[in-house]
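Hello,

I am handing over a structure for you to look through. My notes on it come after the display.

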Amino acid sequence: MQTILVLITFLIAAGYLLKKFVWNPLTEKRRQTTAGTLDGGNTKCGKNDCGCH
């Protein structure tokens, strides 16, 4: 019985690590900025458009 619990715990931990360090970086898509600013869309007031510029 304990062997089964250890195996299940190990598989859950291994799945979490694979998802975090392998799967997410592979599937993460880079954002394309629509604003043509020199700093990549980050204005002085941050990424939020507060209307100050």
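Predicted model: local features only at pLDDT ≥ 70, side-chain atom pairs only at ≥ 80, totals over all residues.

The protein has 53 residues, of which 0% count as buried. Its accessible surface is about 5,500 Å², and carbon and sulfur atoms account for 63% of that.

The protein contains one helix and zero strands. Helix 1 covers residues 2-27. Its 26 residues should span 38 Å at 1.5 Å a residue, and the computed distance between its end C-alpha atoms is 36 Å, so the two values agree. Helix 1 also has a bend of about 40 degrees, located at K19.

On the surface there is a nonpolar patch made up of Y16, L17, L18, F21, V22 and L26, which together have about 670 Å² of accessible area. One of these residues, L18, lies in helix 1. L18 counts as exposed because its relative accessibility is 52%, and the cut-off for exposed is over 50%.

Regards

Note on methods. Residues numbered from 1 in each chain as written. Heavy atoms only, no water. Helix = DSSP H or I, 4+ residues; strand = E, 2+ residues; numbered from the N terminus. Buried < 20%, exposed > 50% of the residue type's maximum accessible area, 1.4 Å probe, protein only. Areas by Shrake-Rupley, 256 points an atom, 1.4 Å probe, with all protein chains shown as cover. Patch = residues over 30% accessible without salt bridge, like charges linked within 9 Å, V, L, I, M, F, W, Y side chains within 5 Å. Salt bridge = Lys/Arg side-chain N within 4 Å of Asp/Glu carboxyl O. Expected span 1.5 Å × (residues − 1). Bend = angle between axes of the 7 residues up to and from the residue.
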